[in-house]
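Please go through the chain below with attention to its backbone and its surface. A short report follows.

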Amino acid sequence: APPELPAFARRATITQSPTKAKLQHLLDAIFRPETEGGLGMVYDNSHTRTVSEVWRDRKANCLSLTAFYIAACESVGIRAQYAEALNTNRWRRVGSVIRFERHLVALVPIPPVEDVVADFLPQLRKRVGVYRVQIQPRERVKALFFANRAVELMEEGVSDEALAKAEASVR
């Protein structure tokens, strides 16, 4: 994570005491326009970015935005986990490539009985009805990151780099 992220997360959550309120204020600050003190984040599914690239570009897909949100949560002492929204996965043709698209979200357990899910594509959540998630280990999310990058590079015609990212995903 970039060094500015913890300070941003602290400013967004400093006055909020319950965890659920902190999560909402952090989420609001991420999407609030820069002119109003937020980051002005925009959902962009064209490129999978690292957390530092998300900070720099203010753009992210679900995987990158989830990683960014989890890093922000952890920087203020909130334990967050990666999760896959199981009933949102789909096959989709993009040009000459057929993709299997997964959807990642952040899950924050709030003891004793509540879990909060941060989903950066709420229109998907509304469409699926019953919302089921499965916790994903960081190693699997890292593999998905490299797989996404491999597909993006393949679509750009950069075969050698695409193959290297695909191999990193498998490793």
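The model is a predicted one.

H6 itself covers residues 138-155, and its 18 residues should span 26 Å at 1.5 Å a residue. The end C-alpha atoms are 26 Å apart, in agreement with that value. Its buried residues are Val141, Leu144, Phe145, Phe146, Arg149, Ala150, Glu152 and Leu153. Residues three or four places apart in an α-helix point the same way, because there are 3.6 residues a turn. The cover over the buried residues of H6 includes helices H3, H4 (62-75) and H7 (159-170). Strands E3 (81-85), E6 and E8 (133-136) are also among the elements that cover them.

## Backbone features in two loops

Arginine 58 sits in the loop between helix H3 (51-57) and strand E2 (59-60). Its phi is near 60 degrees, a positive value in a residue other than glycine. Is arginine 58 buried or exposed? Arginine 58 has a relative accessible area of 18%, and it counts as buried because the cut-off is under 20%.

A cis peptide bond joins proline 111 and proline 112, with omega about 10 degrees. Proline 112 belongs to the loop between strand E6 (104-110) and strand E7 (114-118).

## A nonpolar surface patch

Which residues form a nonpolar patch on the surface? They are Trp91, Ile98 and Phe100, and together they have about 370 Å² of accessible area. Phenylalanine 100 is part of strand E5 (residues 97-101). With a relative accessibility of 36%, phenylalanine 100 counts as partly exposed.

Note on methods. Residues numbered from 1 in each chain as written. Predicted model: local features only at pLDDT ≥ 70, side-chain atom pairs only at ≥ 80, totals over all residues. Heavy atoms only, no water. Helix = DSSP H or I, 4+ residues; strand = E, 2+ residues; numbered from the N terminus. Buried < 20%, exposed > 50% of the residue type's maximum accessible area, 1.4 Å probe, protein only. Patch = residues over 30% accessible without salt bridge, like charges linked within 9 Å, V, L, I, M, F, W, Y side chains within 5 Å. Areas by Shrake-Rupley, 256 points an atom, 1.4 Å probe, with all protein chains shown as cover. Salt bridge = Lys/Arg side-chain N within 4 Å of Asp/Glu carboxyl O. Expected span 1.5 Å × (residues − 1). Contact = heavy atoms within 4.5 Å.
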